Amino acid sequence: MRQKKNVTFDDIAKYTNFSKTTISRYFNNPDSLTLENQEIISKALVELNYKENKVARILANGNTEFIGIVIPNLHNHYYSEMLNQILQTYEQFGYKFLVFIGNEHADTERQYIQELLAYKIEGLIILSFTIPSKELANLHIPIVTIEREDQYVCSVNTDNYMGGVQATSLLVSHHCDVFIHINTPTAPDIPAYGRIRGFLDICREKNLNHRIIYKNLGNTYEAMRKSLTEVLDELERDYHGLKKGIFISSDTHANVFLNLLIQRYGNLPSDYYLVGFDDSPISTEAVIPISTVGQHIDQIAYEAVKLLVEQMNERKKRKPTPLEKPVHKVITPYLIRRETTEKELPH
């Protein structure tokens with residue numbers, strides 16, 4: 001059977017008695033047409049069973065409708081859930097995504113970014129933390145970062161300081177003898193450093209026995225298990241018999257630590273109170289649901305894409321107005337009490 005011919009702009013022009021230029025304006029700048037003419041063309045597209053040729057449209061106007069994403073890894077449940085939520089914004093904004101996983105290798109990530117630029121992405125979302133924001137700003141495309149150093153680019157972050165205060169205050173309410181924060185080495189200009197400041201401020205304000213354990217926790221289960229086993233051995237040696245309030249930097253690491261405790265003792269010992277951070281799915285799926293500071297991951301993803309689209313749309317104007325300075329949005333976290341601290345709850 002003979003294949004049906006694709007409907008062209010010329011066919012639409014003849015059908016509507018408009019010029020091909022008017023049809024092109026309908027697709028590339030519809031607001032330049034009257035509502036009546038937009039409606040005539042829209043109706044014609046349905047009657048002609050028009051199927052848009054995306055490649056032709058990209059060649060015509062240079063807009064690929066692609067956004068690049070560079071993400072550190074997918075082992076951490078926060079990143080995988082954030083990526084999931086970003087991808088779901090397609091329904092609201094109509095942009096597609098090209099995703100690269102950097103694995104914390106700066107030179108590799110630079111190669112990925114050049115690859116994305118070759119695909120003519122219209123904007124870039126960065127969750128990885130290896131490349132300074134000043135270098136990113138020099139790419140001269142709209143960029144939004146999430147939970148990364150952001151002095152020179154726009155960003156959407158959680159209020160990490162408030163989250164650190166919430167987590168520590170929850171442990172204080174359980175009258176622990178010693179308060180431990182476990183985190184990877186974190187530079188002060190990284191938003192997540194706020195978790196450390198929040199922990200320290202509460203401990204110092206209340207004159208609590210406290211300690212921060214900085215350790216490279218790794219990005220694979222084997223690496224996390226090895227590092228956190230060493231931490232657990234250290235805690236057992238230094239704080240045996242004391243009621244320990246443990247605030248861990250992510251739900252992924254908190255879950256591994258919880259598994260180590262259960263494997264060693266058969267349950268969560270009565271002298272351990274555990275709080276994670278993120279409210280990623282693993283915190284509810286854990287063998288004992290983990291108390292955590294929740295990030296509004298869906299809202300952060302939406303706001304990041306929205307902020308990026310606003311910048312991209314501005315660049316498409318005849319006389320764009322560039323931002324005078326980067327926009328930084330901060331989303332308030334929320335505390336969730338679960339069984340790793342509220343031990344009277346039913347298992």
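1. Helix α9. Helix α9 covers residues 160-173, which is 14 residues. From its first C-alpha to its last it reaches 20 Å, close to the 20 Å expected at 1.5 Å a residue. The expected span is 1.5 Å times one less than the number of residues. Helices here are DSSP runs of H or I with at least four residues, strands are runs of E with at least two, and both are numbered from the N terminus.

2. Ground rules. This is a predicted model, where local features need pLDDT of at least 70, side-chain atom pairs count only at pLDDT 80 or more, and totals for chains, interfaces and linings use all residues. Residues are numbered from 1 along each chain as its sequence is written, and side-chain values use heavy atoms, with hydrogens and water left out.

3. Burial in α9. Which residues of α9 are buried? They are Asn160, Gly163, Gly164, Gln166, Ala167, Thr168, Leu170, Leu171 and Val172. Buried means under 20% relative accessible area, exposed means over 50%, and partly exposed lies in between, with a 1.4 Å probe and protein chains only.

4. After the helix. His175 follows α9. It is found in the loop between α9 and β6 (178-183). Its phi is positive, about 55 degrees, although His175 is not a glycine. Is His175 buried or exposed? His175 is exposed, with a relative accessible area of 64%.

5. Glu147 is found in the loop between β4 (143-146) and β5 (154-158). At 4% relative accessibility, Glu147 counts as buried.

6. Overall form. The chain comes to 14 helices and 12 strands. Its radius of gyration is 26 Å, well over the 20 Å that the globule rule gives for 347 residues, so the chain is more spread out than a compact globule. That radius is taken over C-alpha atoms, and the rule is 2.2 Å times the number of residues to the power 0.38. The C-alpha atoms fill a box of roughly 85 × 45 × 35 Å along the principal axes. Of the 347 residues, 48% count as buried.

7. The parallel sheet. In what order do the six strands of the parallel sheet stand? The order is β2-β1-β3-β4-β5-β11, and the sheet is open. Two strands pair if DSSP finds at least two bridges between them. The edge strands are β2 and β11 (328-331), and each pairs on one side only. The twist averages 20 degrees from one strand to the next. Axes are lines fitted to C-alpha atoms, for helices over the stretch in contact, and angles run from 0 to 180 degrees between N-to-C directions.

8. Strand β1 and its partners. Strand β1 (residues 66-71) is mostly covered, with five of its six residues buried. β1 and β2 pair in the parallel sense over six bridges. Gly68 has a bridge partner in each: Leu98 in β2 and Leu124 in β3. Further along, β4 and β5 pair in the parallel sense over three bridges. Thr145 stands opposite Ser155 in β5.

9. The mixed sheet. Another open sheet has six strands in the order β7-β6-β8-β9-β10-β12, with mixed pairing. β7 (210-214) and β12 (334-336) stand at the edges, each with a single partner strand, so one side of each is left without a neighbour in the sheet. Neighbouring strands are turned by 20 degrees against each other on average, direction ignored. β8 (residues 244-248) and β9 (residues 272-278) run parallel, joined by four bridges. Phe247 has Val275 in β9 as its bridge partner.

10. Aromatic pairs. How many aromatic pairs are there? The count comes to five. Rings of Phe, Tyr and Trp (its six-membered ring) pair if their centres lie within 6.5 Å; planes under 30 degrees apart count as stacked, over 60 as edge-to-face and the rest as tilted. Phe100 and Tyr112 form a stacked pair, 4.6 Å centre to centre with 25 degrees between the planes. Phe100 is in strand β2 (residues 96-101) and Tyr112 in helix α7 (residues 106-118), 12 residues apart. Phe100 is partly exposed at 21% relative accessible area, and Tyr112 is partly exposed at 25%.

11. Charges over rings. A charge sits over a ring if NZ of Lys or CZ of Arg is within 6 Å of the ring centre and within 35 degrees of the ring normal. Lys96 lies over the face of Phe66, at 5.8 Å from the ring centre. The charged end of Arg195 sits over the ring of Phe277, 3.8 Å from its centre.
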